[in-house]
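Subject: Structure handover

Hello,

Here is the structure I promised to pass on. Please open it alongside this note; my findings follow below.

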Amino acid sequence: MTAYLVILGHRDAIRWVLSEERMAFPATPRAEVRALAPGDRLYLYATRGAWLNPTRDRGRIIAVASAATAVRVLDEPVEIAGRTFMSGCDLKLDDVVPYPGGLELQPLVSQMEAFPKPEVWSIYLRRALLRLSERDARLLDQQLVSLLASAARAVPSYAQTVRSH
């Protein structure tokens with residue numbers, strides 16, 4: 001099992017991923033997308049700009065999921081927030097932090113192997129997936145444990161607030 005940070009940069013994408021329990025990827029070929037396999041652990045990260053107010057909001061991990069299927073080309077491309085996505089996979093949402101919560105990532109980057117240059121950490125988030133080491137995944141799990149709720153309880157908090165945020 002491999003762990004990844006899934007970078008979600010728009011509130012419409014967050015709502016779609018949480019409600020559909022699917023992930024979609026752009027046509028740009030990326031090795032980490034091709035490598036994603038069923039059972040891989042996914043930490044869903046909402047960028048600070050995802051809620052359309054980056055001066056107010058912080059980038060946060062908002063959910064933990066696993067890939068339920070391998071990535072495949074979609075029968076019909078999906079359009080979300082003005083972008084077209086050509087491939088995707090099904091997800092199993094494990095737990096979700098109720099809106100507007102989440103684990104702020106920035107204070108942890110200096111402790112994480114995924115960010116070898118923590119002073120420019122945000123550059124590593126300019127992709128759909130960022131591979132995490134086992135150590136990084138353990139750190140996130142430890143930090144998230146008190147924040148997470150069942151997906152059934154927490155997902156509706158995003159559906160109600162995302163549209164009005």
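To start, in which strand does Ser87 lie? Ser87 lies in strand 6. Before more on that residue, some ground rules.

This is a predicted model, in which local features need pLDDT of at least 70 and side-chain atom pairs count only at pLDDT 80 or more, while totals for chains, interfaces and linings use all residues. Residues are numbered from 1 along each chain as its sequence is written, and side-chain values use heavy atoms, with hydrogens and water left out.

Overall picture

The protein has four helices and nine strands. (Helices are DSSP runs of H or I with at least four residues, strands are runs of E with at least two, and both are numbered from the N terminus.) From the N terminus on, the order is β-α-β-α-β-β-β-β-β-β-α-β-α. The radius of gyration is 15 Å, close to the 15 Å that the globule rule gives for 165 residues, so the protein is as compact as a globular protein of that length. (That radius is taken over C-alpha atoms, and the rule is 2.2 Å times the number of residues to the power 0.38.) The C-alpha trace spans about 40 × 35 × 30 Å along its principal axes. Of the 165 residues, 46% count as buried. (Buried means under 20% relative accessible area, exposed over 50%, partly exposed in between, with a 1.4 Å probe and protein chains only.)

Back to Ser87

At 13% relative accessibility, Ser87 counts as buried. Leaving out residues up to four places away in sequence, Ser87 touches Met23, Ala24, Phe25, Pro26, Val71, Arg72, Val73 and Leu74. (Contact means heavy atoms within 4.5 Å.)

The cores

The largest nonpolar core has 38 residues. (Such a core is a set of buried Ala, Val, Leu, Ile, Met, Phe, Trp, Tyr and Cys residues joined through side-chain atoms within 4.5 Å.) Ile14, Leu18, Leu42, Leu44, Leu93 and Val96 touch the most other members. Among the elements that each supply at least two residues of this core are helix 1 (11-20), strand 6 (83-96) and helix 4 (151-162). Apart from this core lies another, of 24 residues, including Ile7, Leu105, Leu108 and Phe115.

Leu18 has contacts with Leu44, Ile62, Ala63, Leu93, Val96, Val155 and Tyr158, not counting residues up to four places away in sequence. The buried residues of helix 1 are Arg11, Ala13, Ile14, Trp16, Val17 and Leu18. Just after helix 1, Glu21 takes a positive phi of about 50 degrees.

Trp121

Trp121 sits in the loop between strand 7 (103-104) and strand 8 (129-132). Trp121 is buried, with a relative accessible area of 17%. Beyond its neighbours within four places in sequence, Trp121 is in contact with Tyr45, Leu105, Gln106, Val109 and Phe115.

Among contacts between residues at least 6 apart in sequence, 74% join residues at least 24 apart.

Best wishes
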